[in-house]
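Please keep the sequence and the structure in view while reading.

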Amino acid sequence: MFIRTSRASRTISSSLSSPREYGSIDDDHLLSARIYRSMSKNRKIFNLFKFIDEIYNILRINNDTKKEIYIRFFDIMAHAGAFFHFIFDNILWMVSTRIISHDFFTRNIESLKYYRYTTSMWRAVFNMIYSVLDLRRLNRKEKEKKFKLLQYSGSGPVGQNKESLDDITEMFDIKFKKRILQLDIFHTGVRCLMLYDVLNLP
């Protein structure tokens, strides 16, 4: 038993000490090798062509008439910032993997990074304003629902008819949306502070 174990351990140690035969990954001139290393470092591929989603979001918000126009404006501006952020982010990823190897992009790599962080700051600031305004809208809506439910309580137990039951359901939905917005405001605020430091703003 001891002999078998020692043989197995020698086999494992020899396999670990010998160089791996991953020529395709270690070969620098292969496109797949560069993409593999880029994915293992920062997984930027998950943001590839994500700016297309932002176009859909802008069109969706523009067609939504349930919210006031000034709230929709800040929401659209936040998604517009995200649109440009993902474009610069995709370009930087393609440059790092040498999918794009034009001299213009390689010479201006620092400028591209600056524009990526700037558009991310743009996205965060407008998203913060939108979230605060939408939270205020939900607070007003919650007060209206509470007042309506108090009127129901004067005529008997709340929830006996379909209208009051729908109002209760909507009340819980408003509370859930408020919690999401509060978390989003906190997260966006932290991101703004980080980007403020990265951009060396006064």
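Phe-51 and Phe-83 are both buried, where buried means under 20% relative accessible area, exposed means over 50%, and partly exposed lies in between, as computed with a 1.4 Å probe on protein chains only. The model is a predicted one, in which local features need pLDDT of at least 70 and side-chain atom pairs count only at pLDDT 80 or more, while totals for chains, interfaces and linings use all residues. Residues are numbered from 1 along each chain as its sequence is written, and side-chain values use heavy atoms, with hydrogens and water left out.

**Aromatic rings**

Rings of Phe, Tyr and Trp (for Trp, its six-membered ring) are taken to pair if their centres lie within 6.5 Å, and a pair counts as stacked with planes under 30 degrees apart, as edge-to-face over 60, and as tilted for the rest. By this rule the protein has eight aromatic pairs. One of them joins Phe-51 and Phe-83 edge-to-face, with 5.9 Å from centre to centre and 80 degrees between the planes. Because Phe-51 lies in helix H4 and Phe-83 in helix H5, this pair ties together parts that are 32 residues apart in sequence. Another edge-to-face pair is made by Phe-104 and Phe-105, with centres 5.4 Å apart and 80 degrees between the planes. Phe-104 is partly exposed at 45% relative accessibility, and Phe-105 is likewise partly exposed, with a relative accessible area of 22%.

Ring pairs also link Phe-51, Phe-83, Phe-84 and Trp-122 into a cluster. Elsewhere, Arg-116 lies over the face of Tyr-117, at 5.0 Å from the ring centre; for such a placement, NZ of Lys or CZ of Arg must be within 6 Å of the ring centre and within 35 degrees of the ring normal.

**Helices H4 and H5**

How do the axes of H4 and H5 cross, and at roughly what angle? The axes of helix H4 (residues 51-63) and helix H5 (residues 69-96) come within 8 Å and cross at roughly 170 degrees, where axes are lines fitted to C-alpha atoms, for helices over the stretch in contact, and angles run from 0 to 180 degrees between N-to-C directions. H4 and H5 are therefore roughly antiparallel to each other, a term for angles over 145 degrees, whereas those under 35 count as roughly parallel, 65 to 115 as roughly perpendicular and the rest as oblique. Residues on the H4 side of the contact include Phe-51, Glu-54, Ile-55 and Ile-58, and those on the H5 side include Arg-72, Asp-75, Phe-83 and Phe-86, with contact meaning heavy atoms within 4.5 Å. By class, this contact has 10 nonpolar, four polar and three charged residues, where Ala, Val, Leu, Ile, Met, Phe, Trp, Tyr, Cys and Pro count as nonpolar, Asp, Glu, Lys and Arg as charged, and the others, Gly among them, as polar.

**The protein as a whole**

The protein has eight helices and zero strands, these being DSSP runs numbered from the N terminus, with helices (H or I) of at least four residues and strands (E) of at least two. Of the 202 residues in the protein, 31% are buried. Among contacts between residues at least 6 apart in sequence, 71% join residues at least 24 apart.

| Pair | Apart in sequence | C-alpha to C-alpha |
|---|---|---|
| Lys-141 and Ile-174 | 33 residues | 8.0 Å |
| Val-198 and Tyr-114 | 84 residues | 9.2 Å |
| Val-190 and Ala-124 | 66 residues | 9.7 Å |

Lys-141 has its place in helix H7 (residues 109-153) and is partly exposed at 29% relative accessibility. Leaving aside residues up to four places away in sequence, Lys-141 touches Glu-170 and Ile-174. Val-198 lies in helix H8 (residues 162-198) and is partly exposed, with a relative accessible area of 44%. Val-190 lies in helix H8, and its relative accessible area of 36% makes it partly exposed.

**Backbone angles**

Most residues other than glycine have a negative phi. Arg-98, however, has a positive phi near 65 degrees; this residue is in the loop between H5 and helix H6 (103-107) and is partly exposed, with a relative accessible area of 46%. Asn-200, which is not a glycine, has a positive phi of about 55 degrees. Asn-200 is placed in the segment after H8 and counts as exposed at 65% relative accessibility.
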